[in-house]
Amino acid sequence: MIFTSLGASEEIGASCHYILIDGTGILLDAGADPEKEGIESVPDLQRILSNPDWPVDHVIVSHAHHDHLGSLPVVVKMFPHARVHMSAATRSLSDILLPASARLQRRKVEEGSTEVAPLFAEEDVEACSYLYQSHELETDFDLSGLKARFEVSGELYDAGHVLGSVGVHITWVENGKERTLFFSGDTGLRNQTIIPGASYPDDPVDVLLLESTLGADPDAELFTRKAEEKRLGKAMSKVLKRGGVVLMPVFALGRAQEMLALVERFKTRGLIDDSVPVYTAGMMRAISDAYDKSRQTTPRLNEEFEVFGVKQRRLPRTQGGLNEALKQPCILAVGSGMMFERTISNKIAQMLVENEKHGVFLVGYARDDSPAALLAEARAAGKGTMVTINKAHGPQAANCDVERFRFSGHSHRRDLLSMVDMLQPEKIVLVHGEKAAKQWMVDNIKFFYPEIEVMMPATNDVLEV
Ligand SMILES: [Zn+2]
Ligand SMILES: [Zn+2]
């Protein structure tokens with residue numbers, strides 16, 4: 001088997017890998033780099049296209065996050081004969097997220113905030129969505145390519161990361177011997193609030209393609225979800241009791257729904273008064289609906305729980321309505337998670353940060369230069385430290401409570417090692433992580449499992465696995 005990564009290999013970037021198994025070509029993920037625009041954000045598909053011996057027969061999408069799904073319409077256009085596979089939930093999420101991505105790209109051009117032409121339009125996305133094939137978990141489907149001499153088959157396993165997320169198990173015959181590969185996608189081994197931890201194949205695999213997002217994060221394994229829940233509940237209760245507003249900037253897919261479930265838990269336990277209004281907005285509401293519709297057909301900790309069972313109001317769209325809403329204690333779970341400019345969370349943060357009675361609680365990943373991380377850094381330096389979270393608004397004093405909490409949907413690095421223990425691969429290829437993250441994984445796998453061959457390929461490297 002041949003393996004090569006088409007996305008960036010030394011940062012998180014766009015997840016997209018090509019494997020060639022005895023004439024069958026498969027793309028694992030079709031992500032786009034969230035920090036880039038236009039063709040720059042797309043994996044290097046040209047490298048596959050220009051090689052006549054590298055067909056693309058199938059595309060498998062592990063989950064609906066942008067860095068795994070965002071360039072699918074480009075891939076479909078480039079390889080029109082490829083069959084596209086995903087879980088049913090990822091398919092319904094992609095029908096929400098890809099048109100939204102098309103609209104966002106168009107809007108940016110119309111506003112003049114970019115000159116980069118949109119990669120695809122809403123019509124393109126709708127036209128190809130009927131091609132996607134969805135599969136039940138742990139059920140075989142055919143992955144043989146046109147030129148395959150032997151059968152190749154696939155199976156999806158719950159990855160415990162967000163709704164619809166899967167790991168991909170591939171089986172084929174090589175030199176008369178059955179071989180297996182497992183692609184982790186993004187993994188969450190532990191239960192979250194709505195979705196349970198991952199479930200993996202029982203038998204050992206030959207090759208493991210393993211994500212390494214949290215490989216360089218020594219702190220992640222020190223935090224327990226339970227302790228973080230408790231800390232967040234206390235912090236929220238403190239702000240609300242003194243008449244403040246709680247802003248939780250969240251990612252629309254995954255964190256938003258998990259946090260709403262947590263707010264419900266705080267209310268049930270009496271930590272937060274049941275009458276405190278919760279506001280939500282934008283695309284996350286459509287995604288919450290997809291969570292609810294699939295609650296009996298996808299893995300859940302409690303299939304009775306509905307995200308819209310959590311009492312919530314739509315955030316007022318007018319400035320007047322918003323001012324009115326923020327006059328009394330309330331909770332806002334709105335995007336974007338990193339509080340980027342021109343998003344609702346950024347706009348509301350500008351209204352709150354100078355008043356010390358409010359609280360901004362960061363519950364997801366925020367890269368160092370994002371407004372969310374800048375605000376946290378300023379507040380940690382002391383009350384009143386000046387910070388610019390919006391260039392048009394200018395510097396503001398960070399007076400409100402700002403705290404960061406760890407509710408990652410990713411496995412921390414000890415859990416990634418326990419995955420190695422479970423799947424007992426002969427070879428591991430590390431993907432989807434920064435260099436330092438992968439290096440930690442390499443060092444530790446070599447130490448604990450010296451019999452396993454571990455590889456950390458750079459983009460463009462072609463491995464014979
Ligand atoms: Zn993800
Ligand atoms: Zn990812």
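In helix 4, Asp-95, Leu-98, Pro-99, Ala-102 and Arg-103 meet Glu-122, Val-125, Glu-126 and Ser-129 of helix 5; two residues are in contact if their C-beta atoms, placed from the backbone, lie within 7 Å. This is a predicted model, in which local features need pLDDT of at least 70, side-chain atom pairs count only at pLDDT 80 or more, and totals for chains, interfaces and linings use all residues. Residues are numbered from 1 along each chain as its sequence is written, while chains are lettered from A and ligands numbered from 1 in the order in which they are written. Helices (H or I, at least four residues) and strands (E, at least two) are DSSP runs, numbered from the N terminus.

**Helix 4 and helix 5**

- The axes of helix 4 and helix 5 (residues 122-129) come within 8 Å and cross at roughly 160°; axes are lines fitted to C-alpha atoms, for helices over the stretch in contact, and angles run from 0 to 180 degrees between N-to-C directions.
- Helix 4 and helix 5 are therefore roughly antiparallel to each other, where angles under 35 degrees count as roughly parallel, over 145 as roughly antiparallel, 65 to 115 as roughly perpendicular and the rest as oblique.
- Their crossing is right-handed; a crossing is left-handed if the near helix is turned anticlockwise from the far one by less than a right angle, and right-handed if clockwise.
- The contact of helix 4 with helix 5 comprises four nonpolar, one polar and four charged residues. Here Ala, Val, Leu, Ile, Met, Phe, Trp, Tyr, Cys and Pro count as nonpolar, Asp, Glu, Lys and Arg as charged, and the others, Gly among them, as polar.

**Domains**

- The protein chain is assigned domain 1 (2-217 + 409-464) and domain 2 (224-404), with bounds that come from an automatic or database domain assignment.
- The centres of the two domains, taken over C-alpha atoms, are separated by 30 Å.
- To the contact, domain 1 contributes 20 residues and domain 2 contributes 19 residues.
- On the side of domain 1 that touches domain 2, helix 4 (residues 88-111) gives the most, with six residues.
- That side of domain 1 has 11 nonpolar, seven polar and two charged residues.

**Helix 4 and helix 8**

- Helix 4 packs with helix 8 (residues 283-293) at an angle of about 165°, and their axes are 10 Å apart.
- That angle makes helix 4 roughly antiparallel to helix 8.
- The crossing of helix 4 and helix 8 is right-handed.
- Ala-89, Ser-92, Leu-93, Ile-96 and Ala-100 of helix 4 make the contact with Met-283, Ala-286, Ile-287 and Ala-290 of helix 8.
- By class, this contact of helix 4 with helix 8 has eight nonpolar residues, one polar and no charged.

- An open sheet is formed by seven strands in the order 6-5-4-3-2-1-22, with mixed pairing; two strands pair if DSSP finds at least two bridges between them.
- Strand 6 (133-135) and strand 22 (462-464) stand at the edges with a single partner strand each, so one side of each is left without a neighbour in the sheet.
- From one strand to the next, the twist averages 25°.
- Strand 4 (residues 58-60) and strand 5 (residues 83-87) run parallel and are joined by three bridges; Val-59 stands opposite Val-84 in strand 5.
- Helix 4 packs on this sheet, where it touches strand 5 and strand 6, and its direction makes about 105° with that of strand 5.

- Six strands in the order 14-13-15-12-16-19 form an open sheet with parallel pairing.
- Its edge strands, strand 14 (313-314) and strand 19 (401-404), each pair on one side only.
- Strand 12 (residues 245-249) runs parallel to strand 16 (residues 359-362), with two bridges joining them, and Val-246 stands opposite Gly-359 in strand 16.
- Helix 11 (residues 371-380) packs on the sheet and touches strand 12, strand 16 and strand 19; its direction makes about 115° with that of strand 19.

**A hairpin and its neighbour**

- Strand 9 (residues 166-174) pairs with strand 10 (residues 177-183) in the antiparallel sense over seven bridges.
- Two residues lie between strand 9 and strand 10 in this hairpin, and Asn-175 in the turn has a positive phi of about 50°.
- Strand 10 is also joined by three bridges to strand 11 (residues 207-211), and the two run parallel; Phe-182 stands opposite Leu-208 in strand 11.
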